Structures are given as C-alpha cells and as structure tokens.
Amino acid sequence: QVQLVESGGGLVQPGGSLTLSCVVSGSTFNIYHMAWYRQVPGKQRELVAQISKGSSTINYLDSVKGRFTISRDDAKSTMYLQMNNLKQEDTAVYYCNAAYPNGYARFNDWGQGTQVTVSS
C-alpha cells in the first residue's frame, strides 16, 4: 500500500520561504509523475505543480510561477516544493500524490498534508 507523507509546512510571514517534502513508500517512486496540490476550507483541491518521471516536464499553477520550484530525488523517493516570496493566498494544506499526465491524482488515499500559513 502506498504511503504519502508530507512535511515542512509552518507559519511564515509574507515574503518568506518554506520547503515542503513528500516521502513516498510502498511503491516504486521513479515510475510516477508526481504533483503537489493544495486545499483551503470550502474549496476544491487544486493542482499547484507537477513533475514528470525523469523530471523532463514541469508545470506550475500560474499564480505560483516564478516563486515555487518543484523537484524530486528518486534515490530518496522524495519530492520537494521550494516556496519563495510566499503570499497570504498561498495559505492552505498542501498534499502530494502521484499524478497522471493531465494532473489528476493517481492514488485515492491521500496523506495528512502539511499546513502552510502565510500571515503577518
């Protein structure tokens, strides 16, 4: 059974930075496209960034382009999201999952997520 464990969230002031990590266990990490999603209460989960297997293709939500960087370390079965110049509208619970090329999540069982709060 695949396990997704997110970490690295926290409280940060506007303009600050955080790096999120996602560790995947129970499956072969390097065969999957991977993605970061986020959700705020009352809204649907949205795709923030995705990275293909082999890291050849990377896509971002328009509102985070130039501020967020997605990466992966297949040897560690870990994906990262470097978030710079954070804004209040980035406040959300961030989740990771394997993804289909169209961005839809592959696994039905999500991790617990990691809370990112941007506030002064």
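Buried means under 20% relative accessible area, exposed over 50% and partly exposed in between, using a 1.4 Å probe and protein chains only. With that in hand, Ser52 counts as buried, at a relative accessible area of 7%.

A word on the ground rules. This is a predicted model, where local features need pLDDT of at least 70 and side-chain atom pairs count only at pLDDT 80 or more, while totals for chains, interfaces and linings use all residues. Residues are numbered from 1 along each chain as its sequence is written, and side-chain values use heavy atoms, with hydrogens and water left out.

**Around Ser52**

Ser52 sits in the loop between strand S5 (46–51) and strand S6 (58–60); strands (E, at least two residues) and helices (H or I, at least four residues) are DSSP runs, numbered from the N terminus. A polar atom of the Ser52 side chain lies 2.9 Å from the backbone nitrogen of Thr57. Setting aside neighbours within four places in sequence, Ser52 is in contact (heavy atoms within 4.5 Å) with His33, Thr57 and Arg72.

**The disulfide**

How many disulfides does a search of the whole structure find? There is one, a disulfide being a pair of cysteine sulfur atoms within 2.5 Å. The bond runs from Cys22 to Cys96, S to S 2.0 Å, and the link is right-handed, with 70 degrees about the S-S bond. Because Cys22 lies in strand S3 (residues 18–25) and Cys96 in strand S9 (residues 92–99), the pair ties together parts that are 74 residues apart in sequence. Cys22 is buried, with a relative accessible area of 0%, and Cys96 is buried too, also with 0%.

**The two sheets**

Two strands pair if DSSP finds at least two bridges between them.

| S1-S3-S8-S7 (four strands) | antiparallel | S1 (3–7), S7 (68–73) | 15 degrees |

In the four-stranded sheet, S1 and S3 pair in the antiparallel sense over five bridges. Cys22 turns up again here, as the bridge partner in S3 of Glu6.

How values were computed. Polar contact = N/O pair within 3.5 Å; in protein donor to acceptor, adjacent residues only side chain to side chain. Axes fitted to C-alpha atoms, helices over the stretch in contact; angles between N-to-C directions.
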